[in-house]
Protein chains: 2
Amino acid sequence: MADNKIRNMEEFAAVSGISRPTVSKYFNDPDSVRRTTRERIEKALERYDYRPNIFAMNQNRKLTKNVGIVVPYLADPFFAEIARQIEQRCIAAGFRPTLYSAHGDPALEKDILDSLVSLKPAGVLLAPLGRASDRSAIEKFCDDVPTVLFDSNLDDVGEAFVGSDNFSFVSQTVDYLTRTGEPPCFFEMRTPANPNANKRRLAFVEVMERRGLEPRIIKVEGEGWAFEEIGRDGALRVLETGGFPTNTILCSNDRLAIGLLAACYEKGFRVGRAEGCALRVASHDDHPFSRFTCPSLTTAAHDYDAVANCAFGTLAELIEGGGRFDTRTETLFSARLVLRASA
Amino acid sequence: MADNKIRNMEEFAAVSGISRPTVSKYFNDPDSVRRTTRERIEKALERYDYRPNIFAMNQNRKLTKNVGIVVPYLADPFFAEIARQIEQRCIAAGFRPTLYSAHGDPALEKDILDSLVSLKPAGVLLAPLGRASDRSAIEKFCDDVPTVLFDSNLDDVGEAFVGSDNFSFVSQTVDYLTRTGEPPCFFEMRTPANPNANKRRLAFVEVMERRGLEPRIIKVEGEGWAFEEIGRDGALRVLETGGFPTNTILCSNDRLAIGLLAACYEKGFRVGRAEGCALRVASHDDHPFSRFTCPSLTTAAHDYDAVANCAFGTLAELIEGGGRFDTRTETLFSARLVLRASA
DNA sequence: GCAGAAATTTTACGCGCGAAAAATTTCAGT
DNA sequence: ACTGAAATTTTTCGCGCGTAAAATTTCTGC
């Protein structure tokens, strides 16, 4: 391209022989101009590579093409993976996604939402911290910005929720474990940050009671998002003080399970369904690393693809519809049981 | 606050009894206005919560307060962690960081840089994909935007580089391993994407030869960023076809090691420095999960804190200095050996 | 080939703010 | 109190683009 520097849309309109506002229309929606006009613009575009000033665009536009993606803790590969999937769908649909992590900090989550407002995003996909979140701050944010919650639900906050059917997760793992061996006990944090954890515990109790089995729950101490460490420390303490009440342990999530497996390994307890194993361990989430634990982890998997698809699809629909839904929908995806070596 | 809605800086200037441009100066640098003026503005700010329109600000400003952070693969907790640290330093210094991941895709990396240009960032911290990167695209980008490379160096690209002294990493691990047992062989990908991998191999060869030992290298097949899988598959193949040439394996990085440990576990090879172990395994990076592998991984650790600090500090300096350094500096940090159970 | 409607383009204006130049105020030294 | 320079504030202009309304072109049906 003979890139005679184009400074602005005015100049670009001149060299392409079209008026500036028409060029503006083209950039907002190429299909809104006549085919012949579009072709002339695109031909000029090849010769002069010009791009509209993004700040000037967004200044006057009522609605930008920005989409915010907010996750509670990006160093967790689970969120990294789901964020990646959502990001790519945004791009494919012509939006400009921006990714934020609250890094486990409620104050930072609030700051992110604050600065997100001034970006006038067309919509936001928010996975809240959960219990620690400043609920009223999030509510206020959702009043200003069309928001779809995902992963972690807050009742009546946001225009919709897309997440997991925790009951399906737990019932499948419990089902499998009781069918193939001793019924499991449940291993979790005492004060989980994430509402999914509470739903999983409740599901565990319900499923076990339905079967006439006693739902035994092991709660370990620990705050924050260092789940592996909490799981390991907690499991070490249990193993050192009498051990688990059954030979089968169902962890609330994979990251706790990774910590628990580390503890078992340290203490010399062989984990798995094979001969000579002392314990069986299963879990939930299908964390990206759970294929590489020792032993590999039997777990109930999220359908990352479907969740990302639905979350973005719901947001797109919301944006189309002007930012409000008549009724708040909650879409829950079932788990897929993944059998590996640990149980 | 009696938030009588303030629409713009004009109105806010009116209610605070100051002229608009003075208010503008205040927002660009509160110390640039007289103390009495500043106090009047800040008093008004409490009553009327107003925030300047970020798009209008950036449209006319020659330099924004935006900082781009680009990493090759965010689902890798190593990058998630380093990005987190850098992010927080940006915020503390009054910048607006935005995080991007190339997700292992050179085309996406190029797209990110492209769209980053139009954000007129004050500076960018870029960890390139490495070998796969479109070097000329990155070079062109660095001409337009003050850029500091980190983690992964590209010769003569960007104004500075901050990374790791790979020789220090490898010499420490080799040193330790040879001192405490059989000399290691080196386990790596045949065609590593990251230049650090090449430097580590070269360092391994050099260190071994200095000791008069034969540098034996095991190369495994595989492309992309699924290092754990590549490590496991490669190790399985080795273990099934004669095994490793020594009982001590030094992995190029922790993620490969995680895969290798999974393979060893599957095949029943006990890893560690304790009695009865068949293999010792060590590695480099101190990946956030390497404390929770089975056994926990002996590794050469990055000083995440120092690297993040230096990378951002260098960028801040670069921005202060107008976006150019006289000479391109390369700052390398040494490793800290972390002894755990695997070797 | 023509009238009228529909689609498209052009005219005209304003968005909210940054920044240089001009005007004013402040302050030290006398 | 007075002068002059420095610090600060105000005047003025323009950035690059969106958008409603007006003007024009294109298209449809006869």
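Two strands pair if DSSP finds at least two bridges between them. Helices (H or I, at least four residues) and strands (E, at least two) are DSSP runs, numbered from the N terminus. The model is predicted, with local features requiring pLDDT of at least 70 and side-chain atom pairs pLDDT 80 or more, while totals for chains, interfaces and linings use all residues. Residues are numbered from 1 along each chain as its sequence is written, chains are lettered from A and ligands numbered from 1 in the order in which they are written, and side-chain values use heavy atoms, leaving out hydrogens and water.

**Exercise 1.** Determine which strands are joined to β9(A) by bridges, and how they run.

*Solution.* 
1. Begin with β8 (residues 248-251) of chain A: three bridges join this strand to β9(A), and the two run parallel. Here Leu250(A) has Ala282(A) as its bridge partner.
2. Turn to β10 (residues 298-301) of chain A, which is joined to β9(A) by four bridges, again in parallel. Ser283(A) is partnered by Thr299(A).

**Exercise 2.** Locate the buried residues of α1(A).

*Solution.* 
1. In α1 (residues 9-16) of chain A, these are Met9(A), Phe12(A), Ala13(A) and Ser16(A).
2. They lie on the same side of α1(A) because they cover an arc of only 100 degrees around the axis, taken from the directions from the helix axis to the C-beta atoms.

Note on methods:
Buried means under 20% relative accessible area, exposed over 50%, partly exposed in between (1.4 Å probe, protein chains only).
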